[in-house]
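Please look through the sequence and the model below.

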Amino acid sequence: MKLFPSPRRSALVARVEVRRALRSFVGNRTRLALTALSGVFVALFVAVATYGVYLAGESLRTGGALAGFDVGPTVRGVVGLAGVGLAALVAARAVAKRGEVPEADGLLTTVPTADAVGGMVLSELAFVLIWTLPPLGLLAGSFAYGAGTPTPLLAVVPVVAVLGALAVTTGYAAGLVVRQVVTRHEVLARHRQILFGLAFLGYFALVFSGGINRLGALLLDPLARTPVGWLGDLLLLGTPGIDVSPLRAALGPVLVLVASVPVLAGTVRIAARHWFSDPVSAATEDDDADANGGVGRFLPAVALPLPSSRLSRPTRAVAGTVFRRSVRAPIKLAYVAYPLFGAIPLVQTAIEQGQVPASFPYFVAVYGAWAAGVPVTLNLFGDQGPVLPGTLTTPVSGRQFVAGHVVVGVVAVAPLVTVLTAVAGVASPMPLARVAAVTAGAAVLSTLTPLLATGVGTLFPRYGSVTVVGSREAVMPSKRAFLTYSATLLAAAVAAGVVFVDGVSDLLAAGLSFLIPRLTVSPGTLELAAAVALVALAVAPFAAVVYAVRRFESYHFD
């Protein structure tokens, strides 16, 4: 079997794959919006870092405080860690989706496997260069300007290209191995969603506990001694105040490229075995179609405790169906976890200080209230899927249909939010009276938000499926429903802060005056407006339910 790809055919495959991926990216407005939002934060970070590295370069050139530190080993270790992190990212992409060959029946029957592998690896390397070279070039140029030497700017492209070549080939091979294990062995294939979930939780545990930082510190020195770390010498060559080895700077890129050759040959062998073997899909495809994952099989007897004396049979039937659908398709609930990334600083602070921050109970209450309305009530019609016409023609009334969805959010989520808020409050330095108030607020909010979500979801429904994780698709609430629902809760939180928390109205009035100099608003006016808005927002959940019921009763197909 041919082990080394043809550069010409590999470049052709890579060009087609990059073009296809870019067209898919541009055609996805949601992904574009999220990327633009992320780009704002990345741009702010790069702007601050650019000035920081300029000061660092200037300090080295003028013999400032930084000149007294041994910068070389640290930079070599950071370069090595960057290679490890990039390889891990490529491996994760390969496991999720990139390990599959697009249009495999056509591609693998027209070009040798080695050329297909070369094309996939080159396309991944192209994505690495597209996303990393602009900010890294800016940082290297700023450092070079401060240090008074052009070497960092001239070396950044070859260093990133060489480092990316080894990281991409290694990461892609590792990702294919993981895919082979979890999709070709029956037991692992049947439980692969559980395995991926555990891996995701493990990653979160490392991030929250600071394990990532400790692992990086552990690997920093060993990686600095490898040829990958020697690439740092090439970056720092000629920088004043830093002792680097020209021999390591010259040998580093050569040795890294030499190491990439056998890794690429191994990747070809792994890909040939993976791409030309059949996955264990006879059972798992049915499970995925039914459950979008394997969790449903482990909870076959889970039932939602409902007060049968107070709810009609149709309402309980709707609630039971909605709950079972959520349990059997947990992939649809993945988006509820996105705001948890905002809790990373709070959790890290709690771990470092050994105490829950006083602000953490507020986060639990607000996030829990938001999450209570999202899973089952923010897309009432879209979640019905192809059975919507049948649902509309059953004797179930609009009130019973909406109540069945609301009951799931209230019974399944609200008690959990209340308990977690109380636990977080007791564990924090917050006074007990304040803990009781925040807990009561969490209970009330997590009961009202499902009501509000019903109206927003019926106003902005989504019927089509979207890609959630990898190649898995599910019906999600629409962007307009998400934004409207979240903005309403944010407005309620701001209004409540202005009315009930001292100093918020003064701070908000000062902020508005700074942002809009021509606008003069007194704190008293803000408090009055917030009180009026709070009353309207308190009525909104009940008005939303009325709208959702009427929308169900008057629903018709075009």
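In helix H18 of this predicted model, the residues Ala414, Val417, Thr421, Ala424 and Gly425 are buried. Because these residues cover an arc of only 100 degrees around the axis, they lie on the same side of H18. An α-helix has 3.6 residues a turn, so residues three or four places apart point the same way. On the other side of H18, Val423 and Val426 are exposed.

What do the buried residues of H18 pack against? Their partners are H15, helix H17 (398-412) and helix H19 (432-459). The length of H18 can be checked as well: its 14 residues, 414-427, should span 20 Å at 1.5 Å a residue, and the end C-alpha atoms are 20 Å apart, which agrees.

H15, one of those partners, also packs with another helix. Two packed helices are described by the angle between their axes and the distance between the axes. For H15 (residues 360-373) and H20 (residues 479-500), the angle is about 145 degrees and the axes are 11 Å apart. Their crossing is right-handed. On the H15 side, Ala369, Trp370 and Gly373 take part, and they meet Phe482, Tyr485, Ser486 and Leu489 of H20. Sorted by class, this contact has five nonpolar residues, two polar ones and no charged ones.

These helices belong to a chain with 22 helices and two strands. Of its 558 residues, 41% count as buried. Among contacts between residues at least 6 apart in sequence, 79% join residues at least 24 apart.

Conventions
Residues are numbered from 1 along each chain as its sequence is written. This is a predicted model: local features need pLDDT of at least 70, side-chain atom pairs count only at pLDDT 80 or more; totals for chains, interfaces and linings use all residues. Side-chain values use heavy atoms; hydrogens and water are left out. Axes are lines fitted to C-alpha atoms, for helices over the stretch in contact, and angles run from 0 to 180 degrees between N-to-C directions. Helices (H or I, at least four residues) and strands (E, at least two) are DSSP runs, numbered from the N terminus. A crossing is left-handed if the near helix is turned anticlockwise from the far one by less than a right angle, and right-handed if clockwise. Contact means heavy atoms within 4.5 Å. Ala, Val, Leu, Ile, Met, Phe, Trp, Tyr, Cys and Pro count as nonpolar, Asp, Glu, Lys and Arg as charged, and the others, Gly among them, as polar. The expected span of a helix is 1.5 Å times one less than its number of residues. Buried means under 20% relative accessible area, exposed over 50%, partly exposed in between (1.4 Å probe, protein chains only). The arc is that of the directions from the helix axis to the C-beta atoms.
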